[in-house]
Amino acid sequence: MVDIPEHLLQRSAEARAKALGISIEQALAEMKGESDPTVVSKDPEVKIIDETPAPAAETPSPAAETPAPAAEVTPVKEEHAAETTEKVAEVAIEKKPAAKAPDPKTDAPDEVDFAPEVKVTQRLLTVVKAKPIQKAASEPVDKVNTWPHLMLPEFVSLMAMTAFLILLSAILQAPLLEEANPNVTPNPAKAPWYFLGLQELLSYWDPQIAGVMIPLVLGLVVWMAFPYIDRNPETHPSKRKFAIMFYTFFLAGAGVLTIIGVLFRGPGWNWTYPWIDGIWFDDLLDWIHFE
Amino acid sequence: MQKLSLRDRIKEVRVTAGDSFRGGKLMSSIFRPGSPFKKGYVDSPRNRSYVVMNNVLYHLHPVKVKRHGVRLSYTLCLGGLSFFLFIVLTITGIWLMFYFRPTELAYVDIQALQTDIAFGSLVRNMHRWGAHLMVLVVFLHMSRVFYHGAYKAPREFNWVIGVILLLLTLLLSFTGYLLPWDQLAIWAVTVGGNMAGYTPVIGAQAKFGLFAGLEATTATLLRFYVLHVLFLPFIIVIFMAVHFWRVRKDGGISGPL
Ligand code: HEM
């Protein structure tokens with residue numbers, strides 16, 4: 001059984017003691033089941049009053065004979081039983097004299113063991129609507145089984161990538177120039193392609209002045225913090241035109257600079273045309289020659 | 001007993017042998033319940049869940065995913081392909097390590113690899129083009145994520161991890177670039193290292209730390225080798241684990257748009 005907090009027990013014991021005219025200790029003992037419940041002797045006055053609220057709330061039978069309260073009570077068609085009871089209780093108090101008067105012949109129950117006087121010993125504190133305590137937090141989503149709906153396409157793209165890589169490796173030979181020699185500087189000396197855009201950019205300014213790493217690291221930190229800077233919650237492209245434009249410009253710029261660095265830069269980092277002067281980019285030159 | 005033709009008898013033996021092998025002790029010790037490789041696999045929703053749940057892939061994939069997320073046109077499988085290329089690079093890279101010494105002999109080793117060793121050239125090419133491809137695919141994956149706004153709440157932090165992954169991918173590629181020890185390698189790395197040298201205030205120190213000296217030497221080669229085969233892969237695997245974990249914890253693939 002659930003433990004009833006001591007102060008609540010005490011309060012209801014006080015109410016019961018008052019109602020039955022017994023001591024508080026006695027009432028407490030009864031409620032704890034340590035002594036037999038007090039049985040209240042029959043009292044005609046009590047019976048009548050006690051009945052008035054009861055029938056309206058539960059069984060309709062004797063209430064019909066007491067016209068005034070019944071008329072008052074019936075229109076109350078609340079959803080919540082608790083509220084109804086309260087209204088009935090109010091009615092009962094108000095109509096006490098009326099209820100008393102017209103009722104000599106009610107076949108009342110033989111025994112009343114509780115609340116002989118109409119004193120409301122409980123109050124309505126609040127009405128709690130019938131709702132589940134826990135609500136499912138997530139909306140249902142349209143989902144499919146990972147196997148096979150995700151894993152098969154993954155497998156296929158993985159195989160396609162493998163095939164592509166093997167094919168590429170079979171026809172395009174990775175470069176291997178002469179052995180490293182610190183005394184012979186090739187002209188031009190190019191970084192790997194993913195840094196060529198940067199190298200191209202740096203050729204415009206004296207790197208000593210541009211201060212390479214600081215802007216680079218700063219740029220990287222800003223790029224990392226980007227989700228915290230872009231506070232627009234929309235994801236649809238039409239609602240984030242600025243961000244889309246921003247990135248597209250960045251992509252285009254990086255692409256153009258990289259292509260210039262790879263194809264259009266020759267000895268001395270001078271502008272060359274690949275179709276006239278050839279390509280100075282050793283990574284791409286060594287196709288496997290079939291003999 | 002009904003007389004069977006030879007062909008039917010062979011077929012029967014083959015089927016029963018195959019079944020008793022697939023249902024046997026060995027196979028059932030290898031494959032967990034619900035595996036499509038087990039005898040009597042039937043295609044049911046329950047078994048489909050088992051395939052993922054009773055499998056090492058459970059650590060990568062949930063049992064169910066959003067319907068729009070499996071459309072190839074949404075992710076283009078770019079993140080998955082980045083990861084797959086990393087695995088290909090690990091396998092071919094380990095293979096290359098058998099034939100490579102990060103000393104003055106590095107260049108000779110690569111030459112020997114290309115000419116004397118079976119599939120040496122192919123595996124070297126796969127490793128090199130695979131590395132370039134990985135940089136490209138990771139970059140495309142980042143662009144895909146950006147255009148979908150997939151970095152927005154609650155996925156902000158996975159973007160941060162992603163940028164770190166991009167950085168690590170570039171560093172892996174860059175440190176690998178030096179290893180063949182030819183003119184291309186040493187001068188590309190010299191160009192890159194000199195850029196680090198232009199850092200204000202600590203430029204000289206940064207360059208010295210990178211080169212293990214004042215210029216690219218075999219000491220640089222050893223340094224880049226250790227970073228390339230041990231340190232950076234170790235770090236990137238940790239960040240990938242967090243990245244994949246966050247993809248799931250942030251509610252799976254973003255969208256639909
Ligand atoms: C080694 C590199 C990387 C690997 C292996 C990787 C792997 C993955 C995988 C497998 C996914 C699942 C969805 C998909 O395939 O698109 C994913 C999602 C994601 N990745 Fe990456 N990634 C890498 C780099 C990056 C980078 C550079 C960024 C951004 C700067 C990034 C940001 C994200 C974000 C935000 C998601 C969630 C996307 C969504 O929910 O739609 N990742 N990543």
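Buried residues are those with under 20% relative accessible area, counting protein chains only. That cut-off applies in the close-ups below, which show a predicted model.

**Figure 1. A stacked aromatic pair joins chains A and B.** A:Tyr247 and B:Phe146 are both buried. Their rings stack, with 4.4 Å from centre to centre and 15° between the planes. A:Tyr247 belongs to helix α14 of chain A, while B:Phe146 belongs to helix α7 of chain B, so this pair joins two chains.

**Figure 2. One aromatic cluster takes in residues of chains A and B.** Chain A supplies A:Trp223, A:Phe226, A:Phe242, A:Phe246, A:Tyr247 and A:Phe250. From chain B come B:Phe146, B:Tyr147, B:Tyr151 and B:Trp159. Over all chains, the structure holds 28 aromatic pairs. One of them is A:Trp223 with A:Phe250, tilted because the ring centres are 6.0 Å apart and the planes meet at 40°. A:Trp223 sits in helix α12 (residues 213–224) of chain A, and A:Phe250 sits in helix α14 (residues 241–263) of chain A. The pair therefore ties together parts that are 27 residues apart in sequence. A:Trp223 has 14% relative accessibility, so it counts as buried. A:Phe250 has 39%, so it counts as partly exposed.

**Figure 3. Two histidines of chain B coordinate the iron atom of the ligand.** The NE2 atoms of B:His141 and B:His243 coordinate the iron at 2.0 to 2.1 Å. The two histidines link distant parts of the chain, 102 residues apart. B:His141 lies in helix α7 (residues 120–147) of chain B. B:His243 lies in helix α11 (residues 218–249) of chain B. Both histidines are buried.

**Figure 4. An arginine of chain B lies over a tyrosine ring.** The residues are B:Arg128 and B:Tyr177. B:Arg128 lies over the face of the B:Tyr177 ring, at 5.0 Å from the ring centre.

**Figure 5. B:Val52 is a buried residue in a helix of chain B.** The helix is α3 (residues 45–53) of chain B. B:Val52 has 0% relative accessibility, so it counts as buried. In sequence, B:Val52 and B:Ser35 are 17 residues apart. In space, their C-alpha atoms are 8.8 Å apart.

Terms used
Residues are numbered from 1 along each chain as its sequence is written. Chains are lettered from A and ligands numbered from 1 in the order in which they are written. This is a predicted model: local features need pLDDT of at least 70, side-chain atom pairs count only at pLDDT 80 or more; totals for chains, interfaces and linings use all residues. Side-chain values use heavy atoms; hydrogens and water are left out. Donors are N, O and S atoms within 2.8 Å of the metal (3.2 Å for Na, K and Ca); water is not among the atoms, so sites may look incomplete. Helices (H or I, at least four residues) and strands (E, at least two) are DSSP runs, numbered from the N terminus. Buried means under 20% relative accessible area, exposed over 50%, partly exposed in between (1.4 Å probe, protein chains only). Rings of Phe, Tyr and Trp (its six-membered ring) pair if their centres lie within 6.5 Å; planes under 30 degrees apart count as stacked, over 60 as edge-to-face and the rest as tilted. A charge sits over a ring if NZ of Lys or CZ of Arg is within 6 Å of the ring centre and within 35 degrees of the ring normal.
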